[in-house]
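Visitor: Please take me through this model with a close look at how its parts pack against one another. I would like to begin where the chains meet and end at the level of single residues.

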Amino acid sequence: MAEPAKKQDNIITLEDLRPRRKERSYLADYVMPARHPNILFDPGKCTGCGTCEMVCSLRNRSVIAPASSSIKMLRDGEKGKNFAIYCQHCRKPLCIEACPTRAIEKDENGIVSINKLFCVECGLCTLACPESAPLRDSKTGEINKCDLCGGDPLCVKHCPEKALTLTRGKFFRWIKAARWTVQAVSFLLLVMIFVGTFCFFKAGQVSFACPTGMLQNIAASKTIVLTTLSATLALIVLTILLGRVFCGWICPFGFVLDVIGTLIPKKLGWPRFLKSRLTKYGILGGAVGASAALGFQSFCVVCPIGTLCRSYGAQGFMRGAELAVVPLLASTEIAQRRAWCRYFCPVGAVLALLTKLGLLKIVIGATSCKKFSCTQCADVCPMGIIDRDLLRQGISPKIPMSECIMCMRCIDRCPYGAAKIRFRWQKGVPGIPGETRI
Amino acid sequence: MESTEQAVDRVKREAGIYACVECGRCSAVCPMAEMYTTFSVAMSPRGVIKKAIMGDDLIHDVNLWYCTECNAGTDVCPQGVSCRDLVRGLREIAVKNGLGDKAQICPRCGERFVAVPVEEFVLSRLAGEAPGVHELLKVCPACRRDLYVTRNA
Amino acid sequence: MNFFETHYNGKILLVDAAGSASESMSLESSLVREYLGGAALNRALYDRFRDDDPIVFGTGPLTGGFAPAACLLVATFRSPLTGRITNVPLTLRTGPQVKYAGFDFIVLRKKSSDPKVIVAHNEAVTLSPGETYNGLQLTEMLEQARREFGRPESFVWPGAVTPSLASAATGRGGGFDRRGLAAALAEKNIKALFIYGNDGLPFGADDLVRSDRIIGDMKKNLTKKEVGFAGILDRIGEDQAARAVPRRKVRHMACARCPVPCMSHILVPKGLSGSEGTLLADHLGFAALAKHVGIGVYRLITACNEAGIDPIAVADWLAAGITQEEVLSFIANLVQGKEDNVPTGNRGGDFYGPLSEEDCDFFGGGLPPLYDTADEASIEAWKTRTARAMILGVCPILAARFPMLDAALPSFLADNTEQAKAMEQTLGSLAETVITGT
């Protein structure tokens, strides 16, 4: 085996000419612009006329030659599907990692382009791209890849059906603003003003109770009182209609976790052996069982939501050891986002069981979804239920509604409007399950 | 039908290897130097061309299977030797002779589309990705596009 | 007129089906100046090679360029069914691909003694043995071609069954061949013709801008109902057939560069069709079948397209009282070669009102009659428009639907008003000769 050549100072090698690669990842400290241009494609509108290929080839070869374009129209006459393959300008492009000559770069606008000076046409980018978007020109052998025509793509300009559109993503994220407001107001109401009312309160005919507390109550007293059942109805109906909105929008402890999570964005990581979402059902069962054995609502003593509501309010009386519960459990947020809600919270467990009857579902991966190139929904999901690996393979992940806290961060964040709320019985996302396997 | 020897001769002639002046430009620009820590003279285009001129048995040579079939060496050669065409032609002959185990077969269409070491290099660069993504990257580009369409259209 | 340089490759491909050699000859500019192209120039070439009983495939000057719906390839040959010289328009991507393959005209001469498949690709043509294509249905044929030649972008296929019933197809939806192009190909023992290329085609400097302006005007007053397969059926007054086309779950499909698609892919409910969906392209064939079986048309049209049978012939059997099931099993037997007794279905239909069968020869007898049958002037105008479109290499259906194209299309070939006037005159007289077939 040859010794690696020693570098001499006075000789310029290709190493000096090519852009430098940082150790391991070229994009390690690349900051993605908040709103970068990208092309959206609507297969429902596309007729497969091929104008995009014709005009795109003008940039590469100045003649009409669809084989030399950077966009490829795939037509499936049997299933009636037309689809345009083009570069999605990934946030973390795999082609950049694979390129041996570092000819591919991502500029400050987020546009990924091939520097033809350094490109040796080896085609490794085509091998690395999950969609194989860099296309080899069968005439010249060059690799052509969309560079968005510098921000004003010809294909978008000339598409007769307007199936291709240019987008820069959303400017204002109103769901985020609304959620934080609702969370802050409910925190104020439940913790500061109506101290302790979340667990149970009764005013004349109107009563309200926490469903988990109610279950323990039934277990402890071994009697079912109709009024207590009806008292939990508010949360049950809310959950069936809208999913676990309580967890995402109302829960005061969830608000505390979200605030801590915003303050400490870097997570330490959560031990693998504690990563089971079934734990919370175990805790729920344990709480009910313990209540039956001990004769009082045993979990409620250490419930972070309950202790927060009872012990921390302005009028609340300090309850000794209960004060320690909230900081202790809130510290899990440092390890993983909403770790408590994901794995342990029995209140959430009851609501999760109720979502099995729920009317709504979240759908990720509508036709405008950029799949592997974006995965921002997976980044922002506090419950970690959006499967990034499936997205990386170009498959739309199914969202387990029992784990979704309906915070709608995915919907808010998606720049392309590909995350949506749908009724349970509505059509989901494209892709036929049986045919998506390799 | 031409015999294997004849085919090898034809490929060598068509690649123009006998004009080689051993200047080594092809090896200087070869991306393999950056891809493989084991890059050596035997693996380099210049080494492969030299072996071809000497009449060595390249078809059974492992070093034939590291090349990406890029355009770099062909582009800079002052003598018009195409190391790419040489490697491509010899690989075709090797595959015909049942020596294609170093060529990656697409699990979907069954076509040989890339050399295994090249594919391994790409996967090693993308080591952080999930196994499913690696599975997908072993599909040939044309099939991958089709697959993406069935998953998204 | 300088369009010769910017709209033609200047090459005629001569394929000798009897031998394996092929040659190409240059397309003289004088020939183009006299005949422009398409059906008119085809006829000139036909006369030149008359002794070899050729099939001439010809593009027009606009084919493959940026003009709206510039997709047409015209086949000119002596029909084995009628014995007269006939033009058949071939749509989809066949025309542009002939240009991208580096040719303008393909002359297919003489007869082959054994089955052959012709592949025209990048200024080269190969005749390969076609035994493996015997009796293959469309999907199987495409699968076979994919194994052998990669992914040919376009094809002309004479069908799997007996020539007297067959209709040459360029896509999954069949074609407009009612005059026996399939039979002529079968006579020469050609099993399929694949045309694809990655060459470039030059174009006029302001073609794209002009074309976009025309397309914008065309789409201005277009309602959603007018687009697609059903839109044409509405226009030609086939209400019964139009009712059989659902208005939902429809994806419109277009030929190359066509802004107003007239094909539709329909997702038919399971049971109505054997496959997942059906591509509808042959308006008259669909209408003829729908008259007899209503919504049951999808199974028949799918079977016809797969086998390459003219749906109008099948409609003739239905009119004679044969049931749908019998027809389907008969087609299946035909394809498998179990049936020898081939009926001669009447291929005319009665769609063209006062036009006689000879009158329909110049457009192959398959285009939708987009005129008022009672109005003599509208019939004449339609004939002229169709003939002009077939000379220029533009879809005759689009040209017939949009009278504004009368002036717009020749403007691609003229630099100033003087030239435009001369062009208008040439086109007018050429259209006359095409219509009369002299």
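Guide: In this predicted model, 39 residues of chain A are in contact with 37 residues of chain B. On the side of chain A that touches chain B, at least two residues each come from β2 (72-76), β3 (81-85), α3 (94-98), α4 (124-128) and α18 (388-392) of chain A. The largest share is that of α4(A), with 4 residues. Sorted by class, this side of chain A has 20 nonpolar, 10 polar and 9 charged residues. Of the 2 pairs of chains that touch, chains A and B have the most contacts. Chains B and C do not touch, and their nearest C-alpha atoms are 9 Å apart.

Within chain B, the assignment gives domain 1 (4-98) and domain 2 (102-152). The C-alpha centres of these two domains of chain B are 25 Å apart. Their contact involves 6 residues from domain 1 of chain B and 8 residues from domain 2 of chain B. On the domain 1 side of this contact in chain B, there are 4 nonpolar residues, 1 polar and 1 charged.

Chain C is the part to look at closely. Its assignment lists domain 1 (3-196), domain 2 (215-336) and domain 3 (359-436). Between domain 1 of chain C and domain 3 of chain C, the C-alpha centres are separated by 22 Å. Here 30 residues of domain 1 of chain C are in contact with 25 residues of domain 3 of chain C. Both α3 (38-48) and β5 (85-90) of chain C supply at least two residues to the domain 1 side of this contact. β5(C) gives the most to that side, namely 4 residues. The classes on the domain 1 side are 17 nonpolar, 9 polar and 4 charged residues.

β5(C) also belongs to an open sheet of 6 strands, which run in the order β2-β1-β6-β3-β4-β5 in chain C with mixed pairing. Its edge strands are β2 (22-26) and β5 of chain C, each of which pairs on one side only. Direction ignored, neighbouring strands of this sheet are turned by 20 degrees against each other on average. Strands β1 (11-16) and β6 (105-109) of chain C pair in the parallel sense, over 5 bridges. In β6(C), C:I106 is the bridge partner of C:L13. Helix α3(C) packs on the sheet and touches β3 (55-59), β4 (73-78), β5 and β6 of chain C. The direction of α3(C) makes about 35 degrees with that of β4(C).

Further along chain C, helices α10 (283-293) and α11 (297-307) pack at an angle of about 140 degrees, their axes being 9 Å apart. Angles over 145 degrees would count as roughly antiparallel, so α10(C) and α11(C) are oblique to each other. The crossing in which α10(C) passes α11(C) is right-handed. From α10(C), the contact is made by C:G285, C:F286, C:L289, C:A290 and C:V293, and from α11(C) by C:V297, C:L300 and C:I301. By class, this helix contact has 7 nonpolar residues, 1 polar residue and no charged residues.

Note on methods. Residues numbered from 1 in each chain as written. Chains lettered and ligands numbered in written order. Predicted model: local features only at pLDDT ≥ 70, side-chain atom pairs only at ≥ 80, totals over all residues. Contact = placed C-beta atoms within 7 Å. Nonpolar A, V, L, I, M, F, W, Y, C, P; charged D, E, K, R; others polar. Domains from an automatic or database assignment. Pairing = 2+ DSSP bridges. Axes fitted to C-alpha atoms, helices over the stretch in contact; angles between N-to-C directions. Parallel < 35°, antiparallel > 145°, perpendicular 65-115°, else oblique. Left-handed = near helix turned anticlockwise from the far one by under 90°.
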